[in-house]
Amino acid sequence: MNEIVSAINKIVWNPGLVVLLLGAGLFFSICTRMVQVRRFGMMVRSLFSKKRGADGISSFEAFCIALSGRVGTGNIVGVATAIAFGGPGAIFWMWVVAFLGASTAFVESTLAQIFKFRHSSGYRGGPFNFFDEGLGKRWLGVVFAVITIIACAVCLTMVQSNGASSTMHNAFPVSTLTSGIIMAVLLGIVIVGGVKRIAKVASIVTPFMAFGYIALALVVVAYNIGDVPAVFKSIFTNAFGINPVCGGIIGSTIAMGVKRGIFSNEAGQGTGAMVSAAADVPSPAQQGLAQAFSVYVDTLFVCTATALMILTSGTYNIIDADGNMLLANAPELGNNYAAFTQNAVDTVFAGFGSQFVSIAMIFFVYSTIMAYYFYSESSIIYLFRGKNPKRERLVIRILQAVMLASVVYGAVREADVVWQLGDIGVGLMAWFTVIAIILLYPKAIKALKDYEQERK
């Protein structure tokens, strides 16, 4: 099983996908004239539009749902994994992916507003509609929707659950099975309430958890402030294979940075587009700007906070593709990547690191799986659009049961297999989404020009 999953993962995440994601981000940055820099002020202001119509959620609520989907295990375990297999230089490539990915997120979220459709629960849409209404290929829309359901409801849900249960097990005398059951119960309470309840919970939990985590990270980094210049030097030299320790793993450095960056910020994956479609806003470009900013918050703020904690504290190891230890700062950690972050906090707050990171992880995972449910539900609504509403509701109930089971099952599975399954899901969605938005991007550029002219 492990060998099969690994082989599929290598096929999906071949160098072509890395080039496609980076190339698309650069292409959209040029086409939008660096909208992620030029319109940074607009990006921030667009978040504080809490007005919404009767048929959708506000731009701020959509931002919070999307951010809750982005801020998860990728920000703690994912960053630690990137450092373990790609060295400190992987963080540089995560930054590159975030900067370029902000323009990709703008394009996909703007297109989601353009191609959204009305449902009894509010507006819905996403890449499946890009293929259907934008390109006239409904069968591709159906394929993408099915991939999304499998990836988000099963694979990625197991990844999140596994990360949370492992950190809880490290910090408290709680079995992984117990952690999984508790998370499933808490998740079930929210998802049965539909998109409005998810939006309400996300708008409260997400800002609280993100700012609280960053605040603690700043304290840890301040404690090791003298090491910060050396850490940044290490990030940049390792990014290009200059450092002799990591000189031989430059390919892994770039691949891990891109892979973990996409897993974390989801730019080009299509999930942010599904949330954006649910927003009821005056202009498609306004929602595109809001989602572009969520990429910055996820990677440049939260992921960087984790990376600086780990690197300034020195609580990490570096391993090559064959499992050989290149650098053993903390050999007792083995492949327990969550412990990289937990031990970093412990260097300042002795005995508190494991508990804090595990609690933060629970918040991160809880909000992320809520977002995964929304993506999966939107895909089902698309598949049953214009068909039997009773059958649609039945399938949604089945989806809820499958997701809750995935939470429990993922909690007790081995981490490596679960992460590879998650990577396969992310990679397949990215292939479909990026190709679709490359074909449809002129509509997003026109929407941006219209919005800028209107603002003038």
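Which residues lie nearest the centre of the second largest pocket? The structure is a predicted model, in which local features need pLDDT of at least 70 and side-chain atom pairs count only at pLDDT 80 or more, while totals for chains, interfaces and linings use all residues. Residues are numbered from 1 along each chain as its sequence is written, and side-chain values use heavy atoms, with hydrogens and water left out.

The second largest pocket is lined by 25 residues, and those nearest its centre are His-119, Ser-120, Glu-392, Arg-393 and Ile-396. Two or more lining residues come from each of strand E1 (117-119), helix H11 (194-223), helix H17 (353-383) and helix H18 (389-412). Helices (H or I, at least four residues) and strands (E, at least two) are DSSP runs numbered from the N terminus. H18 gives the most to this lining, with six residues. The space in the second largest pocket is about 400 Å³, and its lining divides into nine nonpolar, eight polar and eight charged residues. In these classes Ala, Val, Leu, Ile, Met, Phe, Trp, Tyr, Cys and Pro are nonpolar, Asp, Glu, Lys and Arg are charged, and the others, including Gly, are polar. A pocket is an open set of points on a 1 Å grid over the protein atoms alone, with protein on both sides within 12 Å along at least five of seven lines; a cavity is a set where a 1.4 Å probe fits but cannot get out, and lining residues have an atom within 4 Å of a point. Grid points are joined across faces, edges and corners, and a volume is the space filled by probe spheres set on the points.

Three cavities of 30 Å³ or more are counted. The largest cavity has a volume of about 60 Å³. Helix H2 (15-31) and helix H7 (89-114) each supply at least two residues of its lining, and H7 gives the most, with four. Among the lining residues are Leu-21, Leu-22, Val-97, Leu-100 and Val-434. By class, the lining of the largest cavity has seven nonpolar, four polar and no charged residues.

H7 also packs against helix H12, at an angle of about 80° and with the axes 6 Å apart. Axes are lines fitted to C-alpha atoms, for helices over the stretch in contact, and angles run from 0 to 180 degrees between N-to-C directions. H7 and H12 are therefore roughly perpendicular to each other (angles under 35 degrees count as roughly parallel, over 145 as roughly antiparallel, 65 to 115 as roughly perpendicular and the rest as oblique). In this contact (heavy atoms within 4.5 Å), Gly-89, Ile-91, Phe-92, Trp-93 and Trp-95 of H7 meet Phe-232, Ser-234, Ile-235, Phe-236, Asn-238 and Ala-239 of H12. The residues involved comprise eight nonpolar, three polar and no charged.

H12 (residues 228-239) packs with helix H15 (residues 284-313) at about 110°, the axes being 9 Å apart. This angle makes H12 roughly perpendicular to H15. Val-228, Val-231, Phe-232 and Ile-235 of H12 make the contact with Leu-308, Leu-311 and Thr-312 of H15.

Seven salt bridges are counted, each a side-chain nitrogen of Lys or Arg within 4 Å of a carboxyl oxygen of Asp or Glu. One joins the side chains of Glu-452 and Arg-33 (3.5 Å, N to O). Glu-452 lies in helix H19 (residues 415-455) and Arg-33 in the loop between H2 and helix H3 (35-38), 419 residues apart.
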